[in-house]
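Subject: Structure handover

Hi,

Here is the structure for you to look at.

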Amino acid sequence: MSKRVLLKGNEVIGQAAIEAGCKLFFGYPITPSTEIIEYLSKHLPKAGGTVLQAEDEIGAINMCYGAACTGTRVMTASSSPGMSLKQEGISYCAAAELPVVLVNVNRTGPGLGGLGPAQSDYFQSTKGGGHGDYRLIVLAPSKSQELYDMTLEAFDLAEKYRNPVLLLTDGFLGQMMEPVELKEKPPSPEVDKSWIVDGAKGRKKRIVASYSLTNEIGEANNLRWEAKYKDIKEKEQRWEEFYAEDADYLIVSYGTTGRISKSVVLNARKKGIKLGLIRPISLWPFPEKAFIPYKDKVKGIVTVELNTGQMIEDVKLAVECKVPVHLYRRQGGMLPTEDGILANVEKVFNLASEEV
Amino acid sequence: MKKVFGRPKGLTEVPFSFCPGCTHGIIMRLIGEVLEELDIIEDTIGVSPVGCAGFSQDFFTCDFVGGPHGRAQAIGTGIKRALPDKIVFTYQGDGDIAGIGTQHAIHTAARGEKITSIMVNNAIYGMTGGQMAPTTLAGMKTSTSPHGRDLVINGHPIDLPKTIATLDGAVYVASVSADSPKNIIQAKKAIKKAFQVQQAGLGFAFVSVLSTCPTNWGLSPQDSLQWLRDNMMPVYKLGELKVAEEVKNL
């Protein structure tokens, strides 16, 4: 059973959550993410679930914490300032190893910022965000179909690794309407639930918490989490390559700008410039493996970002600074044009003269 | 020989780690007894906060979840919404529930969330070493009000049960004390009722228990109990502050 529909990006996420078996959604309205809670308020109860509008973002993430402790599929969604408020709870979810699915429809910042699309929460999303040393699995869709598919997968990934998973979209993807195939979700793999709390009937009591009473226990916990993150880093790097194989130059860009960059590559090829694209799909773990074939081969890289240059740091590490890496960015809710990106690529690599 | 007194089944064998004269142990014991008497140990999930009350996760025989400072009721809400047939309670200090977690205290009550919250009020932040709490009395000396709480600078203490009683979703609100055998018996009755309210699915139930902190008050256990009677009781009035009609029929 598969159905092709026209929905707003945020609504696609809501529909996918229902299909994924999400039973509880706790949230607080904030533009440009609000359609997620609105859509679920209308449709989740029909699927036997509950939407609870919390007193604030802090309440919402802690309600997710509680629900996840019971092994119930749960989600929250917000946008940048709201995500800042959730960070304490996200850190606790990571420490208690809870499978919570988070959505950030990135708007601009810092502060209240504006409602336009941005990628300014890259650091917050991929480097921890809250206190302590933890990682979220971060997925970055670039079109509605990926919003759907990745939301479905986010729930499985969260349970597989007992780790929060963040779907990082932006104000553009959230508000845009495009057709999407509502595929039926394949059955989720069986996961170990011998850790959940649901009443100690016929078994010993369980505690889900993250407090380390001694430094020795503290270090043992950190080492356990570290091993898990290493495992995820090994197994879950995702990316898309587009005309990369024979490329002299690469654009690296994710999400909305990754999508725009595809057109840039095609336009460059028409002009005889061998440009390719690596589009990171998992932002954490960052797809370092994608760069192995290219770091000794390409002449230069431009990252295209909607921030002051955040992902560029991971790209430089991935190519071990063997390749010059430049940044082309727009900010404050502005999007780059295809011509603007290509003109920048030509400028930083002095390619204008190579034009045929 | 016949055993006439022992640990209630609601408590584990882990010895209490509280300072001498602290009344946390009494209050936890009361809850342990109630869990046993209502036969709900296997159906109950407790939520512990941060602070001295945070140790509760080790002391009860039921499942437990430990979360951030002040967020126990939001976590409890998540658990209850996921498992509506289970019993969920939070065990929180006054700084936790009336300070950093006030928004959850208000909204959990307003929603009529079908959980039970126990607040242990010793008018001070205990674990961090005796700082001023939202419940610290006017003129009371703490490490962050060394000259006594100045109402002009720090404002007035919060009587949380009185506030919660004004909210429609809260169906049972009681203020009790752990200072004397008579009051401890009253406290147990209130705590038991607060769990029975949840068993009957009637709404939010809240019990505040006046408690001592001899270490941080700088008083002997004996003097602390008298200090509580002389200073806290006139401000935090004892009694059942709210018993909704449906609760009266329990």
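Below are the conventions, then the findings.

This is a predicted model: local features need pLDDT of at least 70, side-chain atom pairs count only at pLDDT 80 or more, and totals for chains, interfaces and linings use all residues. Residues are numbered from 1 along each chain as its sequence is written, while chains are lettered from A and ligands numbered from 1 in the order in which they are written.

Domains of chain A

Chain A splits into domain 1 (2–235) and domain 2 (240–354). The bounds come from an automatic or database domain assignment. Taken over C-alpha atoms, the two domain centres are 28 Å apart. In the contact between them, 28 residues of domain 1 meet 21 residues of domain 2. Two residues are in contact if their C-beta atoms, placed from the backbone, lie within 7 Å.

On the domain 1 side, α5, β6 (137–139), β7, α7 (171–175) and α8 (215–235) of chain A each supply at least two residues. Helices (H or I, at least four residues) and strands (E, at least two) are DSSP runs, numbered from the N terminus. The largest share, four residues, comes from α5(A). By class, that side has 15 nonpolar, nine polar and four charged residues. Here Ala, Val, Leu, Ile, Met, Phe, Trp, Tyr, Cys and Pro count as nonpolar, Asp, Glu, Lys and Arg as charged, and the others, Gly among them, as polar.

Chain A against chain B

Chain B puts 28 residues in contact with 31 residues of chain A. On the chain B side, β1 (44–48), β2 (63–66), α3 (72–82) and α5 (102–110) give two or more residues each. α3(B) gives the most, with eight residues. The chain B side divides into ten nonpolar, twelve polar and six charged residues.

Strand β9 (residues 207–208) of chain A pairs with β2(B) in the parallel sense, over two bridges. Two strands pair if DSSP finds at least two bridges between them. V208(A) stands opposite V65(B) in β2(B).

A buried strand in chain B

Look at β4 (residues 116–121) of chain B: six of its six residues are buried. A residue is buried if 20 or more other C-beta atoms lie within 10 Å of its own, exposed if 12 or fewer, and partly exposed in between; C-beta atoms are placed from the backbone. T116(B), I118(B) and V120(B) point one way from β4(B), and S117(B), M119(B) and N121(B) point the other way.

β4(B) has parallel partners. Strand β3 (residues 87–93) of chain B pairs with β4(B) over five bridges, with G93(B) bridged to V120(B). Strand β8 (residues 204–210) of chain B joins β4(B) through six bridges, and T116(B) stands opposite A205(B) there.

Backbone points in chain A

Most residues other than glycine have a negative phi, and most peptide bonds are trans. Please check the exceptions here:

- T31(A) and P32(A) are joined by a cis peptide bond, omega about 5 degrees. P32(A) lies in the loop between β2 (24–27) and α2 (34–43) of chain A.
- G109(A) and P110(A) are also joined by a cis peptide bond, omega about 0 degrees. P110(A) lies in the loop between β5 (100–106) and α5 (122–126) of chain A.
- R162(A), not a glycine, has a positive phi of about 45 degrees. R162(A) is partly exposed, with 16 other C-beta atoms within 10 Å.
- Y243(A) has a positive phi near 55 degrees. Y243(A) sits in the loop between β10 (239–242) and β11 (249–252) of chain A.

Best wishes
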